[in-house]
Amino acid sequence: MADYGLAPLLQKWGNPGNMGVCVACFERDIAGALGLHRADLVQYIRPEIVGFVLGSLVAAYLFKEYRSRLGSAPIVRFVLGVFAMIGALVFLGCPWRAALRLAGGDGNAILGLLGLIFGIWIGTLFLKGGYNLGRTQQTHHTAGWMLPIFMVGLLLLMFVFPQITGEAKSGVLFYSVKGPGSMHAPLAVSLVVGLLIGFLAQRSRFCTMGAIRDFILFRQMHLLSGFIALIVTALVVNFILGQFKPGFDGQPVAHTMHLWNFLGMALSGLAFCLAGGCPGRQLFLTGEGDGDAAVFVMGMIVGAGIAHNFGLASSATGVGPYGIPAVGIGFAVCLFIGLTMRKNIA
Amino acid sequence: MATTIDARGLSCPQPVLMTLDEIKAGKADEIIVMVDNDASKENVSRAAVSRGWTVADCGEKDGVFNVTIKKG
């Protein structure tokens, strides 16, 4: 339970509003720091993401659950990652942030969470109809290490090219001088909290998509109780820290276009469901050696680049110029995948 | 009658869906579900228990868990 209160604390320590932790936003910031997009307000290598993967890796090794595996339709997972990110950036957040936004009093998050449930519900219809991405295969340890090594590389880049106050670039890395990308807790704090959450989430199998999916499919409350505990704990901590500000207008890094908050998250929810995990869970799976989850993560990072380069991502003023058609295309692609990849798993 | 489900290489919810389908079919009173990750082992066991079945064994061999569940 303790880790659920850490997100609002990260906000207190410097992270953006109602964004103590957001996997989609943070991967988008990483894409920006690497120059995959040039939205100058959202560029920062978020050490929390590095911590999630490495914390999970440590837990997986300690408890003998590390198993290098891949081969379950990687390109499909990449595409799902791209559209999961595009949907998340139309809403402005992953499911974790939707929960944290709600816990911070942002009413727009209600639309996002309803959209998430709707998208996952569509996904469960495909699952019931025999949808699956096929079997994985065990492989060399090295394959499972690829994304954890990439994460270590990102961290090393931060040490070699540290942020310089007031500078938008340090060596090869881009940094934000203002905006959400400039707001962050101290590196060591972010990293340690990330490691802790990664470790605990690997053990608990924490997954926001799985929470809703398993309730719809099996009436299983196991994961859902964790998701609800996150919202309740974050709400309590926000009250204590004076960070609870109810309303729809003027919420941090949020817009009030209800339909697109709903549909953006619905697209993400569908993509998460088809890919078998929320963005956080995909990072934790990566730490366990799941190379397919790693491909999904890469899809999300590339998706963030596409979203900002093509004007698909929303901002506080509303959806981006091409955000609406992108959601339409995303649904078409996800429905095509869901309808055509069935059974035949022998 | 005992049945075996090969859910190796599949991640949840597939192993659980396959197990529940077999339980619903009503032919088997013992099902051995082969899975190769801990999360699936836990999920299959939890789903079986929630349907009133018992988990008799979860033995691991070469990275594969043979989750044996029995009716009643």
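Me: Which residues does A:Val90 touch, not counting residues up to four places away in sequence?
Reply: In this predicted model, A:Val90 lies in helix H4 of chain A, residues 74-91. Setting aside residues up to four places away in sequence, its contacts are A:Trp260, A:Gly264, A:Ser314, A:Val319, A:Gly323 and A:Val327.

Me: Does A:Val90 count as buried or exposed?
Reply: A residue is buried if 20 or more other C-beta atoms lie within 10 Å of its own. A:Val90 has 31 C-beta neighbours inside 10 Å, so A:Val90 counts as buried.

Me: What distance separates the C-alpha atoms of A:Val90 and A:Cys207?
Reply: Along the chain, A:Val90 and A:Cys207 are 117 residues apart. Between their C-alpha atoms the separation is 21 Å.

Me: Which residues have the most contacts inside the largest nonpolar core, and what does A:Ala271 contact, leaving aside its neighbours within four places in sequence?
Reply: The largest nonpolar core has 111 residues, and those with the most contacts inside it are A:Met85, A:Leu89 and A:Ala271. Leaving aside neighbours within four places in sequence, A:Ala271 is in contact with A:Leu80, A:Phe83, A:Ala84, A:Gly87 and A:Cys334.

Me: How many residues are in the second, separate core?
Reply: This core includes B:Leu10, B:Val16, B:Met18 and B:Ile31. Its residue count is 14.

Me: How are H5(A) and H10(A) oriented, and what is the handedness of their crossing?
Reply: The axes of helix H5 (residues 95-103) and helix H10 (residues 222-241) of chain A come within 8 Å and cross at roughly 40°. That angle makes H5(A) oblique to H10(A). The crossing is right-handed.

Me: How do the residues of the contact of H5(A) with H10(A) divide into nonpolar, polar and charged?
Reply: From H5(A), A:Ala99, A:Leu100, A:Leu102 and A:Ala103 take part. They meet A:Phe227, A:Leu230, A:Ile231, A:Ala234, A:Leu235 and A:Asn238 in H10(A). The division is nine nonpolar, one polar and no charged.

Me: Which element gives the most to the side of chain A that touches chain B?
Reply: The contact takes 17 residues from chain A and 14 residues from chain B. On the side of chain A, strand E2 (137-138) and helix H9 (208-218) each supply at least two residues. With four residues, the one that gives the most is H9(A).

Me: How do the residues on that side of chain A divide by type?
Reply: The side of chain A that touches chain B has nonpolar, polar and charged residues. Their numbers, in that order, are four, seven and six.

Technical notes: Residues are numbered from 1 along each chain as its sequence is written. Chains are lettered from A and ligands numbered from 1 in the order in which they are written. This is a predicted model: local features need pLDDT of at least 70, side-chain atom pairs count only at pLDDT 80 or more; totals for chains, interfaces and linings use all residues. Two residues are in contact if their C-beta atoms, placed from the backbone, lie within 7 Å. Ala, Val, Leu, Ile, Met, Phe, Trp, Tyr, Cys and Pro count as nonpolar, Asp, Glu, Lys and Arg as charged, and the others, Gly among them, as polar. Axes are lines fitted to C-alpha atoms, for helices over the stretch in contact, and angles run from 0 to 180 degrees between N-to-C directions. Angles under 35 degrees count as roughly parallel, over 145 as roughly antiparallel, 65 to 115 as roughly perpendicular and the rest as oblique. A crossing is left-handed if the near helix is turned anticlockwise from the far one by less than a right angle, and right-handed if clockwise. A nonpolar core is a set of buried Ala, Val, Leu, Ile, Met, Phe, Trp, Tyr and Cys residues joined through C-beta atoms within 7 Å. A residue is buried if 20 or more other C-beta atoms lie within 10 Å of its own, exposed if 12 or fewer, and partly exposed in between; C-beta atoms are placed from the backbone.
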